[in-house]
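The stops below are given in the order in which they may be selected.

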Amino acid sequence: MAAVIAGAGLLQPDATAADPAAASAPAAGPGAPDSPRAKAPDAADVTYPLDCKGLPVAVTATAEGDLDGDGRPETVAAVRCDAGSGTPPHTLYVLAQDKTPGARPRIVATLLEAGRRQTATDLTVRDGIVTAHLLGYSSPQVPRYSPDVKQLAKWRWTGGKFRQELTNSDARSV
């Protein structure tokens, strides 16, 4: 009996039999992935070019989606130095996976530089648009534990590069 149950678990119905729409869906064309199961790059497989002065690098958030319309998902990674205390600034990287089997993901764009001294929260990718809330400081006198500037940032792939839109918002209660 156990062998029958185990064997039944290995057999799965054909996806086109369960979903007739899948059988009629085009397999190729503009914006279609090379394979129906194209995977987004794994942010843990990348060496990031951050100067952390000997500290480790930490990926604090990721979001996945097709940003350039080629049908293959990219990964956006929020990365910073793992200082152990405080709030080091983020760098936002866009990662792409080469089509070559076994190739490691690579950084194809930097959306936010660490030099801007901002922290990214609520990172998402939706409809080809990267969105994040950026927390920062209006002056060097503002304590680093109490950001007083909050912006909603959006990046969209247009004309062969990422274009950024910023919206300021009140951050008194961050």
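**First stop: the surroundings of H90**

Select H90 together with T60, A78, V79, R80, L112, E113, A114, Q118, T119 and A120, which H90 touches when residues up to four places away in sequence are not counted; contact means heavy atoms within 4.5 Å. This is a predicted model, in which local features need pLDDT of at least 70 and side-chain atom pairs count only at pLDDT 80 or more, while totals for chains, interfaces and linings use all residues. Residues are numbered from 1 along each chain as its sequence is written, and side-chain values use heavy atoms, with hydrogens and water left out.

H90 itself is placed in the loop between β2 (74-81) and β3 (91-96). Helices (H or I, at least four residues) and strands (E, at least two) are DSSP runs, numbered from the N terminus. Is H90 buried or exposed? H90 counts as buried because its relative accessible area is 2%; buried means under 20% relative accessible area, exposed over 50% and partly exposed in between (1.4 Å probe, protein chains only). Now display the backbone nitrogen of A120: a polar atom of the H90 side chain lies 2.9 Å from it.

**Second stop: Q118**

Move to Q118, in the loop between β4 (106-112) and β5 (119-126). Q118 is buried, because its relative accessibility is 8%. Beyond residues up to four places away in sequence, Q118 touches P89, H90, L112, L134, L135, G136 and Q151. With Q151 there is a polar contact between the two side chains, at 3.1 Å. A polar contact is a pair of N or O atoms within 3.5 Å; within protein, one must be able to donate a hydrogen and the other to accept it, and residues adjacent in sequence count only if both atoms are side-chain atoms.

The structure holds two aromatic pairs. One of them joins W157 and F162, edge-to-face, with 5.0 Å centre to centre and 70° between the planes. Rings of Phe, Tyr and Trp (its six-membered ring) pair if their centres lie within 6.5 Å; planes under 30 degrees apart count as stacked, over 60 as edge-to-face and the rest as tilted. W157 is partly exposed, with a relative accessible area of 34%, whereas F162 is buried at 19%.

Select Y137 next: R144 lies over its face, 3.8 Å from the ring centre. A charge sits over a ring if NZ of Lys or CZ of Arg is within 6 Å of the ring centre and within 35 degrees of the ring normal.

G71 lies in the loop between β1 (57-65) and β2, and is buried, with a relative accessible area of 12%. Draw a C-alpha to C-alpha distance from G71 to A38: these residues are 33 apart in sequence and 8.4 Å apart in space.

**Final view: the whole chain**

Which elements does the chain show from the N terminus on? The order runs α-α-α-β-β-β-β-β-β-β-β, that is, three helices and eight strands. Of the 174 residues, 31% are buried. Among contacts with a separation of 6 or more, 39% are between residues 24 or more positions apart.
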